[in-house]
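Please consult the sequence and the coordinates alongside the text.

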Amino acid sequence: LESLGSDGHIKWGLAQCEKALGWTRKLGSVVSQLPSPKQAILVHYADHQAVASPSWETVLQAAQDHGIDKILIDTAIKNGSTLLDWLPLPKLIESIHQAHDQHSQIAIAGSIPLAKLDQLSELHPDWIGLRGAVCSDPSERTSNIDAKLVVRALASVCKTGESYAKPPAGIV
């Protein structure tokens with residue numbers, strides 16, 4: 001962890017943690033070794049039940065308990081289903097508000113199609129993670145990144161002339 005430096009971040013996916021006794025204590029032990037708990041990013045999987053990962057409420061509480069201020073909502077299973085297939089829009093909106101209410105930054109990812117970027121950026125997550133949607137072959141997430149699709153994605157979240165309560169989400 002010393003090589004992480006003071007500017008790096010480390011992301012913890014929590015698949016199978018529901019089966020691991022004392023995972024929050026172990027998480028706290030590792031976070032305490034970081035130069036700052038703000039370097040940690042805790043992942044909540046929208047498909048958490050399929051991968052024995054903690055619920056949103058448990059992840060949110062663990063982040064608060066350990067001083068972690070960045071949470072990623074993602075999908076663990078990469079089978080073409082999207083974030084919204086697992087997490088209905090009203091629940092996603094509620095989750096983003098809950099994270100912001102506890103002063104956490106929130107990122108969303110999970111096979112997000114370009115056609116949904118307008119709608120999702122209006123929810124004001126701090127980041128939106130894309131991979132497959134900007135690949136030359138969107139059905140194959142290991143294909144090359146297509147610069148034209150990246151420009152299209154940026155145009156979707158960086159609309160000019162609109163008023164936002166805060167700047168639109170960035171794309172990572």
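## A buried lysine and its partner

Lys-70 is buried, its relative accessible area being 10%. The model is a predicted one. Lys-70 takes part in a salt bridge with Asp-69, in which the closest N and O atoms are 2.9 Å apart. Asp-69 is likewise a buried residue, with a relative accessible area of 12%. Because the limit for burial is under 20% relative accessible area, the 10% of Lys-70 places this residue in the buried class.

Lys-38 is partly exposed, at 45% relative accessibility.

## Salt bridges in the whole structure

How many salt bridges does a search of the whole structure find? The search returns 4. One of them pairs Lys-78 with Asp-74, the closest N and O atoms being separated by 3.1 Å. Within this pair, Lys-78 is partly exposed at 39% relative accessibility, and Asp-74 is buried at 11%. In general, side chains of opposite charge can pair when their charged atoms come close.

In soluble globular proteins, nonpolar side chains tend to be buried together. The largest nonpolar core in the model comprises 37 residues, and Leu-42, Leu-92, Ile-108 and Leu-130 have the most contacts inside it. Two or more residues are given to this core by each of H1, E2, H2, E3, helix H4 (89-101), strand E4 (105-108), helix H5 (117-121) and helix H6 (147-157). Which element gives the most to this core? The answer is H2, with 5 residues.

Beyond its neighbours within four places in sequence, Leu-42 is in contact with residues that include Trp-12, Leu-14, Leu-27, Val-59, Ala-62 and Ala-63. Another core, of 6 residues, lies apart from the largest one; among its members are Tyr-45, Val-51, Leu-72 and Ala-109.

Methods. Residues numbered from 1 in each chain as written. Predicted model: local features only at pLDDT ≥ 70, side-chain atom pairs only at ≥ 80, totals over all residues. Heavy atoms only, no water. Salt bridge = Lys/Arg side-chain N within 4 Å of Asp/Glu carboxyl O. Buried < 20%, exposed > 50% of the residue type's maximum accessible area, 1.4 Å probe, protein only. Core = buried A, V, L, I, M, F, W, Y, C linked by side-chain atoms within 4.5 Å. Helix = DSSP H or I, 4+ residues; strand = E, 2+ residues; numbered from the N terminus. Contact = heavy atoms within 4.5 Å.
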